[in-house]
Amino acid sequence: MLLDGPWNHRFVAANGARFHVVEAGTGPLVVLLHGFPEFWWAWRAQIPALVAAGYRVAAMDLRGYGASDKPPQGYDTFTLAADVAAVIRCLGERSATVVGHGWGGWIAWSMPSMQPDVTRAVASLGMPHPLVMRQASARSARQIRANRYLFALQRPFVPERQMVAGPRYVRKLMSAWSGRPAWPPGELSQQYADALTLPFVAHSTAEYYRWVVRSVMRSDGRRYVSRLSQPIGVPVLHVQGDSDGCVLPSSALGSQAWCSGPYEEVTLPQVGHFVPEEAPDQTNDLLIRWLSTLSE
């Protein structure tokens with residue numbers, strides 16, 4: 001998991017766990033949060049670009065992923081947002097811009113409501129506001145069909161066995177979500193498949209999705225909806241691929257209704273769910289331009 005590049009690897013004790021963080025550059029802090037089934041490596045194209053643009057970058061392995069700790073609990077969004085806030089403080093910063101993709105985007109959207117003191121701005125790639133996603137998952141027949149993987153992950157043991165059985169699970173899922181049969185390249189799907197075979201990673205990643213579904217009828221789920229119902233006042237950038245097979249483009253509409261501050265939405269043509277990796281140059285240009293507006 002500690003792949004070489006123009007960055008440094010460090011481990012940060014935060015919120016009762018140890019997190020692996022890839023760090024580079026100086027300037028305003030930008031925290032990068034990956035999605036499923038990836039780890040920090042998903043941001044390999046963005047880290048040097050953001051550093052060259054004058055930012056300090058910290059790409060972390062989320063709880064349960066990569067080289068971060070895999071505790072048996074803590075895969076609810078309340079804890080995950082607290083993880084990010086604690087890492088920001090442990091890096092010596094009072095606040096940061098939080099950029100997330102997929103599951104990382106879900107957490108990024110949650111930061112202004114749950115950890116407002118450390119959240120300067122939010123960018124989400126491949127994930128609309130969580131309440132928009134929840135609504136689409138309940139009312140859109142097409143999104144419900146696209147969520148079959150989500151329901152499959154609710155089964156005990158079986159998803160974990162599929163994830164560690166080889167690269168087929170990862171390759172099939174990433175190809176379907178990208179909208180392109182030839183993507184991802186074999187070496188990339190193998191890398192992510194290898195990461196899932198680390199002890200406890202497969203179970204930890206499934207726990208994210210289990211909390212999302214099982215909390216709907218519980219008090220913690222209702223509390224989450226109540227928190228996220230507060231308007232977001234910080235600047236927000238929402239980027240969506242128009243070929244996304246995980247979060248359908250029609251399901252990604254409406255996030256602006258939950259934002260009271262500056263909001264920008266961009267749709268990338270012929271790009272699927274894995275925006276930072278499928279369209280690295282476009283992602284870099286969008287992020288750098290948007291980040292520059294935060295200091296104006």
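This is a predicted model: local features need pLDDT of at least 70, side-chain atom pairs count only at pLDDT 80 or more; totals for chains, interfaces and linings use all residues.
**Overall architecture**

The fold comprises 13 helices and 8 strands. Its C-alpha trace extends over about 45 × 40 × 40 Å along the principal axes. Of the contacts between residues at least 6 apart in sequence, 75% link residues at least 24 apart. Charged side chains number 27 positive and 23 negative, with the centres of the two sets 9 Å apart. The table collects values for the whole protein.

| Property | Value |
|---|---|
| Buried share of the 296 residues | 58% |
| Accessible surface | about 11900 Å² |
| Share of accessible surface from carbon and sulfur atoms | 54% |

In soluble globular proteins, nonpolar side chains tend to be buried together. Here the largest nonpolar core contains 101 residues, and Leu32, Ile47 and Tyr209 are the members that touch the most others. Helix H2, spanning residues 77-90, makes the greatest contribution to this core, supplying 8 residues.

Beyond its neighbours within four places in sequence, Tyr209 is in contact with Phe36, Trp103, Tyr149, Leu150, Leu153, Gln154 and Trp177.

**Helix H4 and its cover**

Helix H4 covers residues 130-139, and its buried residues are Pro130, Leu131, Val132, Met133 and Ala136. The elements covering these buried residues include helix H3 (103-114), helix H5 (141-146) and helix H11 (219-228). An α-helix has 3.6 residues a turn, so residues three or four places apart point the same way. Met133 and Ala136 are both among the buried residues of H4.

**The loop position Val271**

Val271 lies in the loop that runs between strand E8 (263-268) and helix H12 (275-278).

Which residues does Val271 contact, apart from its neighbours within four places in sequence? They are Gly241, Asp242, Ser243, Asp244, Glu278, Ala279 and Gln282. Val271 can also be related to Ser178: the two are 93 residues apart in sequence, while their C-alpha atoms are 7.0 Å apart in space.

How values were computed: Residues are numbered from 1 along each chain as its sequence is written. Side-chain values use heavy atoms; hydrogens and water are left out. Helices (H or I, at least four residues) and strands (E, at least two) are DSSP runs, numbered from the N terminus. Buried means under 20% relative accessible area, exposed over 50%, partly exposed in between (1.4 Å probe, protein chains only). Contact means heavy atoms within 4.5 Å. Accessible areas come from the Shrake-Rupley method with a 1.4 Å probe; for residues, only the protein chains shown count as cover. Lys and Arg count as positive and Asp and Glu as negative; His and the chain ends are not counted. The place of a charge is taken as NZ of Lys, CZ of Arg, CG of Asp or CD of Glu. A nonpolar core is a set of buried Ala, Val, Leu, Ile, Met, Phe, Trp, Tyr and Cys residues joined through side-chain atoms within 4.5 Å.
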